[in-house]
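Student: Could we go through this structure together? I would like to start with the record and then look at pockets and charged pairs.

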Amino acid sequence: MNLDAIICFISAVIYHNTLDAGFVYDDSRAILSNPDVHGSTPWKGVWTNDFWGTPLTSSGSHGSYRPLCVLSFRATYWACGFKPWGYHALNILLHSLATGLVLKVGRRLLPCRGANAAGMLFAVHPIHSEAVAGIVGRADLLACVFFLLSFLAYLKHVQFRDARAVSATPRTQKPSQNFKKRHYFTALCRDLLPTTRRKCLLLSRSSDLSSWEPHCDSWLAWGFLLASILLAALAMLSKETGITVLALCAVFELSRLRTWPPSLLSRRSVSLISLGAAVLVLVCLRLHVMGMRPPSFASCDNPTARTSSWLVRLLTFLYLPAFNFKLLLWPQWLSYDWSMEAIPRVSSIFDPRNLITIAVYTLLFRCLKLGSTFKNKSLLMCLAFLIIPFLPATNLFFYVGFVVAERVLYIPSVGFCFLVGLGYHLLLKKADFKLIRLCFVMMLVVLGARTHHRNRDWTDEESLYRSGIPINPPKSWGNLGSVLSSQGRMEEAEYAFRKALEFRPNMADVHYNLGILQQGKGQYNEAIVSYQMAIKFRPSLALAHLNLGQLLASRGRCEEAEAVLRRCSQLDGAGLKDQRTHYNTRISALVHLGRMLSDRGHHSRAVDVYREAVHSMPEHYQPQTLYNLLGEELGKMGNHEEAERWFKAALDASPDHVPAHLTYGKLLAKNRTRAMEAELWFKKAQQLAPSDPAVYTHFGDFLGGLERHVEAAKVLLRGAEMVSASQQLPLVSAAATALRQAGRLSHAESIYRRALALNPKDATSHSNLGAILHLNGKYPEAAEAYREALRLHPNDATTLSNLRKLRSLMNNPVT
């Protein structure tokens, strides 16, 4: 096994502990809830939507256009569904491939020892953990692979282009030169496809070597240039920064400006013009796809960009590249998120961090000056690899939705590793060889251990958010609270939410999540306050309006609930990231408003609300529930013909929608001539939902309405067997009632006793048992059952009336 294979193997092994990690942080939105990944949208949708599945034309689009990355997610989903290990395994393979390409590029720019050192450092550097361990980091991995391939293709273009110019120079032909030329030609063809290699070798064996020069070399030179541009386009389609490779190629060309002989001037000029034209075309195509609208992001993602002071923006954005360089140099503190003032803004020229900024930029300019004066341009190209891919993320030319993101450093870190490799090579020439090697190996071991430890933070969301508390406490505590709440650890979750609000009181999401937790604990007044605070800090948070409206309605505050739900249905979603959820929530608000009006007997108003929801629902909304509710409401108003149309529409939208089967069956049952048809719909519902108690309840009621009481009892008892014990009581009680109506009093008594055994503290069960005992002439037992029912539910009118009748019978027995 050669050294390259060993280094690539190490780069994979060091991330082996990510294979058992799950979907964390942005993975949920980019993969689990992305319709472009799980195939609910057609393939062409990938090319018109952003990275998160939102149409690029939408005002809520993030503007991140990475269709190749999304296609790779879709392919992984096709292969292994939502099993995280498949996504992580592909990320590891891509990192290994990128490591191999770093070694290959390094050997073209650096001495061999320096290239090997750069490759080893790239394999184990902790800054790559987010890109490799986080599944959404695949965009950076793919972009890096295509970035390096594009640069290698350009180097091939330069090699064949310059070789053709040299071979075209007139010279005296000698046999020895012929042999050398053949040997040189064979070397140039080593990396070609087998078919091309065979064709060129045949030409090389001919006596007239000039026959292949203008054909093969010219075709290969410009073919590699085209390949470089196409690979750059693929890098850009993986992540936006990929297009910077073309600028890197131009720098490589210009770095050799002084060595250009007149014979190469025109060809190199054509190469530079081609690179410039490619950049222009690719940028125009991208702008055509996503429009001229700049990317949208929240203020908390990049608070400095929204600062009114130009001095604060300038000083902070000048400091951020220095901070990123520090992460590359000393990756001790890493975080999944650096937003929300995780890096305080540089608000004064007297801030000591300005000294760091000055020192880093001074060092950078001195290195650039030094690299431009050396005949060997290795230093200049190392700096170019570090600087050029990072320029789009600096916020100096245009604002982006982050201040620092570790995965953005994946491609620039190639340049950093090249710089370290170059320094390592120079030190080996001037210092103790063994000591330098020992120090470098120790550094690799320490960095590898840090990477392995950092990978464990990405195992699950709880460990990830806990790791971010020292860097970004408000966001980390808030996210941690959501995770703990989903695990049922309510006390810990509430503590986490309150800690987040201590650091940042205006976090609407945290107030909203705290409200959900308080509502679940029965702290309704506190939950109402939390929802109101969430709305105060983010008036467009539709989910907070919806939950507040539902909670107010459940507390009997119907007028307030109606106002909140109506306001929710009218919220503007322009500029929101998750517009799909926002517009679905608006329709849900109308649905709940309609239900509340229906429960209050305002059927006409409920129908109007449902019609409004139908008119305004988005294309992606699943309409079957809405259609069914509208049909049910129309049925209550006696408009059976239109109700039937809406039930059929609900079933067309979702043939397995059980509530539509039941309500349609109930509607048909009102017409005795369609009873058989109605029974078929109830039986279909029973097949679709064999464990749903509502299906058996409605089917039993239907059979009872046809006076088929024994059949009704059988259906209800069968339903009781299909559901859990906690859901059996209504079904068993209904079955007993059906048997009583069928005149099977003894059987009904046994079923009533069974119902009572399910919940001995249920007053209705005691009252029902008393009634059947009453009918069966077991008066003392009936009286005892009535008294127990009244103890549990005093002053129940039905039980009191039955008890009076029983006492009358007991006092005046019929002879």
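Student: Where does UniProt place the feature "transmembrane region"?

Tutor: The unreviewed UniProt entry places this feature at residues 135–155, 219–238, 270–289, 310–330, 380–402 and 408–428. Please keep in mind that the model shown here is predicted.

Student: How much helix is there over residues 270–289?

Tutor: The chain there is 100% helix and 0% strand, with its end C-alpha atoms 28 Å apart. Residues 310–330 are 95% helix and 0% strand, and the end C-alpha atoms of that span lie 30 Å apart.

Student: Changing topic: what is the volume of the second largest pocket?

Tutor: Its volume is about 1300 Å³. The lining has 49 residues, and the closest to the pocket centre are Phe325, Leu386, Phe416, Leu419 and Val420.

Student: Which helix gives the largest share of that lining?

Tutor: Helix α16 does, with eleven residues. The helices that each supply at least two residues include α13 (310–329), α14 (353–373) and α17 (433–457).

Student: And how do the lining residues divide into nonpolar, polar and charged?

Tutor: There are 39 nonpolar, eight polar and two charged residues in the lining of the second largest pocket.

Student: Why does this pocket lie between domain 1 and domain 2?

Tutor: Both domain 1 (3–163 + 219–290) and domain 2 (303–435) give residues to the lining, so the pocket lies between them.

Student: Now the charged pairs. How many salt bridges does the structure hold?

Tutor: It holds 37 salt bridges. In general, side chains of opposite charge can pair when their charged atoms come close. One of the bridges joins Arg566 and Glu612, whose closest N and O atoms are 2.8 Å apart. Arg566 lies in helix α24 (residues 558–568) and Glu612 in helix α26 (residues 603–616), so the pair ties together parts that are 46 residues apart in sequence.

Student: Are those two residues buried, partly exposed or exposed?

Tutor: Arg566 is partly exposed, at 25% relative accessible area, and Glu612 is also partly exposed, at 30%.

Student: What about Arg753 and Glu781?

Tutor: Their side chains meet in a salt bridge, with 3.1 Å from N to O. Arg753 belongs to helix α34 (residues 745–758) and Glu781 to helix α36 (residues 779–792), so this pair ties together parts that are 28 residues apart in sequence.

Student: Which residues do salt bridges with shared partners join into one network?

Tutor: That network consists of Glu462, Arg466, Arg489 and Glu492.

Methods
Residues are numbered from 1 along each chain as its sequence is written. This is a predicted model: local features need pLDDT of at least 70, side-chain atom pairs count only at pLDDT 80 or more; totals for chains, interfaces and linings use all residues. Side-chain values use heavy atoms; hydrogens and water are left out. UniProt positions are given in the numbering used here, feature names are shortened, and annotations may be inferred rather than shown by experiment. Helices (H or I, at least four residues) and strands (E, at least two) are DSSP runs, numbered from the N terminus. On a 1 Å grid over the protein atoms alone, a cavity is a set of points where a 1.4 Å probe fits but cannot get out, and a pocket is an open set with protein on both sides within 12 Å along at least five of seven lines; lining residues have an atom within 4 Å of a point. Grid points are joined across faces, edges and corners, and a volume is the space filled by probe spheres set on the points. Ala, Val, Leu, Ile, Met, Phe, Trp, Tyr, Cys and Pro count as nonpolar, Asp, Glu, Lys and Arg as charged, and the others, Gly among them, as polar. Domain bounds come from an automatic or database domain assignment. A salt bridge is a side-chain nitrogen of Lys or Arg within 4 Å of a carboxyl oxygen of Asp or Glu. Buried means under 20% relative accessible area, exposed over 50%, partly exposed in between (1.4 Å probe, protein chains only).
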